[in-house]
Amino acid sequence: MTTTRTPRLRGIFPVAPTTFKETGELDLESQKRCIDFMIDSGVDGICILANFSEQFLIADDERELLTRTVLEHVAGRVPVIVTTTHTSTKVCAERSQRAQAMGAAMLMVMPPYHGATFRVGANQIYEFFARLSDAVDIPIMIQDAPASGTVLSAPFLARMAKEIEQVSYFKIETPGAASKLRELIRLGGDAIEGPWDGEEAITLLADLDAGATGSMTGGGFADGIRPIIEAHRAGDRDKAFALYQRWLPLINHENRQAGFLAAKALMKEGGVIACDAPRHPWPPLHPAVREGLIDIARRLDPLVLRWGR
């Protein structure tokens, strides 16, 4: 069985980094420039407050400020996914309702967890998403990532898609993502509106072959990744392969070396944002890793290195 449902959202939805000043305060002017650059780079939409946005280093009042600032600044130019993950069903639902009221197009939520050992069972996870669905009127994307330490099987995800109204998108970032996407689509059919991949597109080509209709990447070079997705969608796999082969060194360096600081380093280098520092106690990017990132990027000439110059 394959999904024939036309997705409301598809394509490339990179994660926007959260921009700070050297003091660790939010830099909202850089944040707005970051968003403008990302839109100019050809994104189909943007995700905010995800793990690659350093959401685990951001206070609750700052989340509200960032959500409002970004959604007001985007002003409908592209759809925005707001991450509202929290262990508490009540807190997650309240966050989600506020994000919806501000104009979020979709919510991205990990299953409830805390730290390395605090988990709940399948019944509680199901009820968590069911209650969240009842609280909102916009689609929910379940983020299936190793960071939660929670195993979400394809049959369980497909069941939630069929039975819980707003659960219709899935960001699959577990090992063997392509196989899991294929199985999820087979089991869920039209209930799986949006089978997506993540992990900075490190498995993008295999995931597109498996049926992925969207990809949540890093925020630095959508102008390089979007053409891969579009070529594949058009049925030109040779072109998609060639483009993927070209951009893979940069994708790999972000995924395996620089992590969530890659996008900010590229944006700082290109004059998009004023500061690329993470928030303490996260360590800054090692100078050699940063140098390698910029060297690879210069060979590809992405918009990020030219936009602010």
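Tutor: This is a predicted model, in which local features need pLDDT of at least 70 and side-chain atom pairs count only at pLDDT 80 or more, while totals for chains, interfaces and linings use all residues. Residues are numbered from 1 along each chain as its sequence is written, and side-chain values use heavy atoms, with hydrogens and water left out.

Side chains of opposite charge can pair when their charged atoms come close. A salt bridge here is a side-chain nitrogen of Lys or Arg within 4 Å of a carboxyl oxygen of Asp or Glu. The count by this rule is 21 salt bridges.

One of them joins arginine 98 to glutamate 64, at 3.0 Å from N to O. This pair links distant parts of the chain, 34 residues apart: arginine 98 is in helix H3 (residues 89-102) and glutamate 64 in helix H2 (residues 60-74). Helices are DSSP runs of H or I, at least four residues, numbered from the N terminus. Glutamate 64 is partly exposed at 24% relative accessibility, and arginine 98 is partly exposed at 37%. Buried means under 20% relative accessible area, exposed over 50%, and partly exposed in between (1.4 Å probe, protein chains only).

Helix H3 also holds glutamate 94 and lysine 90, 4 residues apart, or about one helical turn. Their side chains form a salt bridge of 2.6 Å, N to O. Lysine 90 is exposed at 57%, whereas glutamate 94 is partly exposed at 32%.

In helix H8 (residues 222-233), arginine 226 and glutamate 230 are likewise 4 residues apart. The closest N and O atoms of their salt bridge are 2.7 Å apart.

Terms used. Helix = DSSP H or I, 4+ residues; strand = E, 2+ residues; numbered from the N terminus.
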